[in-house]
Structure formats: C-alpha cells, structure tokens
Amino acid sequence: MSTSDPTVDGEAARAVDAPVEFAQRKSLFAHIQHALHVNPTLLPVIILALTVVVFYFATDGKILTGLANKVTLEQTAIVGILAAAQTIIILTAGIDLSIGAVMVLSYVVMGNLAVTYGLPTVPSILLGMLTAMGCGLISGFLVTKIRLPPFIVTLGMWKIVLATVFLYTGSQSIRSQDIDADAPFLKLFGERVDVFGMQLKIMGVPTIWAIVLMVGVFVVMWYVLNRTAWGRHVYAVGDDKDAAELAGVRSDRLLISVYVVGGLIAGIAAWAAIGRVGSISPSSFAEANLDSIAAVVIGGTSLFGGRGAILGTLFGALTVGVLTVGLKLAGADPQWVLFATGWLIISAVALDQWIRRVSA
Amino acid sequence: MSAAPVLTARNLVKRYGRVVALDRADFDLYPGEVLAVIGDNGAGKSTLIKALSGAVQPDAGEINLDGKKVHFGSPIEAREAGIETVYQNLALSPALSIADNMFMGRELRKSGVLGKYFKMLDRGEMERRARAALSDLGLLTIQNIRQPVETLSGGQRQGVAVARAAAFGSRVIIMDEPTAALGVKESNRVLDLIRDVRERGLPIVLISHNMPHVFEVSNRIHIHRLGKRLTTIKPDDFSMSDAVAFMTGAKDPPREALAA
C-alpha cells in the first residue's frame, strides 16, 4: 500500500504544510481578514466597542451611565428579539420583510382576545403566538412548496398582514388603562424585574423583564443553532442547499420549520412589545421589519446564507441602540440616527463581502 | 467471480420524454472489487448510477442488493440500505466543520436527558469518530477536525467525502468522478483512498472519464454504450485504446468478454 511508502507520506505532509507556511508570510491585513472570517462575532463586537467609544467622547461619558445603559437596552429589546428570528431566516439565505408586521398582528390578536372579548390572558397570548406561527407557516410553505423567492413572499405577507391588522382593528388602539383593568399580565415584560425583592439592576438602575427575555431568547437560539442538529442543518441549507440535501437533510421541512420558529419568536416579541409600549397600537413598530434586518447585517450575518452568528445580531442590535441613545444625548437631530444606521449597514455588507473572499 | 454479486441490476429502463437513457441495462458488482463504469457522454452511465443510488427511479427493471429486491425512492433510502455515494460536487457544506459535515443528516445526540429533551449533540463523540474515520484512511494530516471544510485543499475535501462514505457505507460505495477536479498529486492520493477502502472489504463503483485512473485502480470495467451494458472487461486483458474503441463503437467487443 502506497500510504506506507515514505515518499508519498512526505509529499502529503508537505502538501498540507504548504498553505500554513504561506499563511505565515501573509500581510497583517490578510491576518485580520482571516481572523474576522473564522470568528464572525468579532467584527460586530469591534463595531459596538467603537460606537461606544465615539459616543463616550461625544456625550462626555453620559453614554456609559446606568440610565443610558438601561434606556439603550430597553430600546433594543423588541427589535433585538425580532432580529433573533430574522437571523435564523437569513442564515438559510432567506429574508423576512414581514416579521415586524407579524408581531403587530400577534399583539393585536392578544389584546383583542384578552381585553375586547374578555378571554383569559394566557390563552389569548398563546393564540396570538399561534397566529404569528401561522404566518410563518404560510411564508415557509410558499418559499418551499411553491418555490417563490423569500423576498417576494414576505414582501407580500408584510402588506397582507398590515392590511389585516388595520381592517381588523379599524385602526383603533387599546388603551393602557383598559389593559391594566382587564389583562395586566399582558404587560408583564414592561414590569420591573422584582422576584421576592430581588431586583435586576443595571449599574444601579432597575430594569424590566423585556431585557431578561431578550437575553433569554439569544441564549436559547445560540444553543439551538450551535448544539442541536436542527441548528447545524440551518447553516448547511443556507450554505449550500443542494449539498445539504444530498447529505441527507430534508431541506423543505427544515425551511418551513425555520419560518415557523421565526413566527414563534415574533409572537414572543409581541407579548414583550405590549409591556414595553404600554398600549396596543396597530401603527407602532412600522420600522421594525427593516430594523431587524439592519441588526442582523451589522451583526455580521451574511445575506447569502450559511455564515454568521446569533450573538453578532445581539451586538448589531445594541450598536443601533447605542447610536440612537448616543445621538439623543449629544443633542443631535434624530434623523442622524437613520443616516448613521444607513452607513453602518452598507459598511457591514461591504466588509462581509471582503471577509468572504478569504474562502475563495 | 464465483462469489454472489453484492449489487445487481437487470433490464433497467428509464425514459426522459422520448429519450431512452437506460435501455434494458444490466449491472453487476461483486464483493471486494473496484468496478469502473465508463461510457461516452450521453451513454446513460450517470442515469444508471443515479438509479443505483436512489436519485432516479427506473421505469422498469429490478435492482437487487445481497440477492434481495430493493426499491429506492430517494438517496436517503439507498443510504439506509448501506449504499453511500460520493457525489461529484462532494455534498459538503464549506462553512461547516469537518465533523459537522461527516455527520450531516445523521448527527449523534447525547444520551440521557440532555439528548432526549434538549436534543443536545454529542460533539465530543462525533469529533472522535470523525477523527477515527479520517485516520483509518491515512488522512491524519488533517489536524483540526473543527476546521471549516473550505479551508481544506481539493484533495482533502475529497478525502473527507470519501471518509464519510466509508464510515457509513456498509455495502457499497459509489464514487462519481472523484478525480475530475484534482491535480496529479491529489488524484494519486484519492486513488490510494479508493484502494484503502477496497482493502477494508467494501466494493466500489467508480465512474470516471480518466482512463489511466480507471486502469490503475479497477478490477473490472463496465463499458456502457447506448443505454446498456456493452460488456465488462478486465484492465489486464485490454489496452486503454481498446476500451475507448469499445466505448465509442469504433470496435466490437470480443465474444468471450460479452459473456462475462
């Protein structure tokens, strides 16, 4: 057998060593490129840190006070949770333009069932979440079985869901007092964290359950993506769908489940949004669809699928939060938030393209 | 060839509209051999292979595995029966690790509550087995089982795909053009791999356009022409130009070979 032949072994060893030697002669630039490629969460962390540093000077350190941190996190919570859902969908090389509207539909259903129709609160919440999962199921079905592009499917769903919300509610909000009177549990995630007198404080400032929920959603999704077969299949299908199928992944089933899980997370965000906003308004969160995509992209997940990390999305969402709060503290026109976010998105995708070139 | 064949096909027919891709084709694979399948473009060899690996369902004819009639509705069913295929595109996910790729679609879960209710993967065990599968085939030069497949060379990727097939294939391994995209050195490495797998007792079906490679590793050569098996020959008995002549119809196969 030629494997025992020393010359062949030597050759094989040299062939393997060669790229390593080559790597050592690479420029510093290439090293950075490689590090960012191997470690997709690194770039979002750097971007977040830089943003904090910039605003530290721009706001005379006010950005790092407990109050500013609390406000940043609370501002980030809902879009952050939605962005977790958006991440798994984008990882499969899809996109969900409807996710914010689905969340609005979900909380409108929760509020109407619990407040207007007087159903018990917990079943109302569950039915609201089921509605969101139903929207995901329809999107997933259209993407896989009818083979429509996710962009078109969810663009359509966005319009349809939004119209449904306004037709169903007659554009009427449910007032905060009415929720307090009939179904205060709906507002759970707006309450301060207080378990038997134990409060969760951020630098001395008490915070709300929505933050805990956001962190929980990211921890659970990190586990699911990295430690279960389902998560590995999400990456494999996004990376190369045909290859994943040949390797034995049932990609249609997986994709449908991804959109349904996305709907479930949107339903969870819906419950948190009621507490965060206080009232139930069909016209809130109009920007949430695109904000969630922005968080994912700034978080380093590739729109081409298969590459990225869920924690990057958390940092991406926090970056937008720091920008928003920082500019407000610095007394700038709120339009600058959009301006800066726009540039961040473009830069993040440009960087992603550059980093991806390492693999070629 | 006194032993009973592992995998046989009789009178396979597959039509695509008016095109007859398989015209009552036969096929035999014996234990412990490397059987090369060659044929001109359009001869129907890839349809034959797809029928054997479950990717295509023949319109007529039957396939027998270990003497039992089988019907594969999908590649997954063929795999469950012990037939592993190394596809030309390798079916690897470049961004995922070697271990992830080797267990794609058949991951191992931890035992107990963690695996049952939290579906936690047993990454340690998967990495251990992936390393073992690679070292079985002399691929220990791949140091880090967690490195993404895209960081490997073409030959190493082929090695991972072959190791995956060898680790899970219990009856037959089918390789579709395993050397087509490789340089000389890497091709030789893959040919060594094919020999290694055969030494472990697994019969291999090798589809290739590369005559020197076919003659170097195969025990028998199945020549496919016009949708059916024209003949099988032994590489020792004929030259490469004979094989090409049979394949293209420039020369009629010898009588005794036809009977084989």
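Start with confidence in chain A. The mean pLDDT of chain A is 89. In chain A, 92% of the residues reach 70 or more. One stretch needs caution. Over residues 1-24 of chain A the pLDDT is below 50. Beyond near neighbours in sequence, this stretch has 15 contacts in the model. Where pLDDT is low, predicted coordinates should not be read in detail.

Next come the helices of chain A. Two packed helices are described by the angle between their axes and the distance between the axes. Take helix H9 (residues 209-227) and helix H14 (residues 310-329) of chain A. They pack at an angle of about 150°, and their axes are 9 Å apart. Angles over 145 degrees count as roughly antiparallel, so H9(A) and H14(A) are roughly antiparallel to each other. From H9(A), the contact uses A:Phe218, A:Met221, A:Trp222 and A:Leu225. These meet A:Ile310, A:Leu311 and A:Leu314 in H14(A). The residues of this contact divide into seven nonpolar, no polar and no charged.

Helix H10 (residues 229-239) and helix H12 (residues 251-277) of chain A pack at about 110°. Their axes lie 10 Å apart. An angle of 65 to 115 degrees counts as roughly perpendicular, so H10(A) and H12(A) are roughly perpendicular to each other. H10(A) passes H12(A) in a left-handed crossing. H10(A) brings A:His233, A:Val234 and A:Val237 to the contact. H12(A) brings A:Ser251, A:Leu254, A:Leu255 and A:Val258. Here the contact residues divide into five nonpolar, two polar and no charged.

Now turn to the sheets of chain B. An open sheet of four strands has the order E2-E1-E4-E5, with antiparallel pairing. Strand E2 (19-29) and strand E5 (68-70) of chain B stand at the edges. Each has a single partner strand, so one side of each is left without a neighbour in the sheet. Neighbouring strands of this sheet are turned by 30° against each other on average, direction ignored. Strand E4 (residues 60-65) of chain B pairs with E5(B) over three bridges, in the antiparallel sense. B:Leu65 stands opposite B:Lys68 in E5(B). Helix H1 (residues 45-53) of chain B packs on this sheet. H1 touches strand E1 (7-16), E2 and E4 of chain B. The direction of H1 makes about 60° with that of E2(B).

Another sheet in chain B has six strands. This open sheet runs in the order E6-E7-E8-E3-E9-E10, and its pairing is mixed. Strand E6 (83-86) and E10 of chain B are the edge strands, and each pairs on one side only. The twist averages 20° from one strand to the next.

On one side, E3(B) pairs with strand E8 (residues 204-207) of chain B in the parallel sense, over four bridges. The bridge partner of B:Leu35 in E8(B) is B:Val205. B:Ile38 stands opposite B:Ile223 in E9(B). B:Ile223 also has a bridge partner in E10(B), namely B:Thr231. Five bridges join E9(B) to strand E10 (residues 228-233) of chain B, and these two run antiparallel. E9(B) and E10(B) form a hairpin with two residues between them. In the turn, B:Leu226 has a positive phi of about 55°.

Helix H9 (residues 240-248) of chain B lies across E3, E9 and E10 of chain B, running at about 30° to E9(B). H7(B) lies across E3, strand E7 (172-176) and E8 of chain B. H7(B) runs at about 160° to E8(B).

What does each chain give to the contact between them? Chain B gives 28 residues and chain A gives 25 residues. Helix H2 (75-80) and helix H7 (184-199) of chain B each supply at least two residues of the side of chain B that touches chain A. H7(B) supplies the largest share of that side, five residues. The residues of this side of chain B divide into 11 nonpolar, six polar and 11 charged.

Notes
Residues numbered from 1 in each chain as written. Chains lettered and ligands numbered in written order. Predicted model: local features only at pLDDT ≥ 70, side-chain atom pairs only at ≥ 80, totals over all residues. Axes fitted to C-alpha atoms, helices over the stretch in contact; angles between N-to-C directions. Parallel < 35°, antiparallel > 145°, perpendicular 65-115°, else oblique. Left-handed = near helix turned anticlockwise from the far one by under 90°. Contact = placed C-beta atoms within 7 Å. Nonpolar A, V, L, I, M, F, W, Y, C, P; charged D, E, K, R; others polar. pLDDT = per-residue confidence, 0-100. Pairing = 2+ DSSP bridges.
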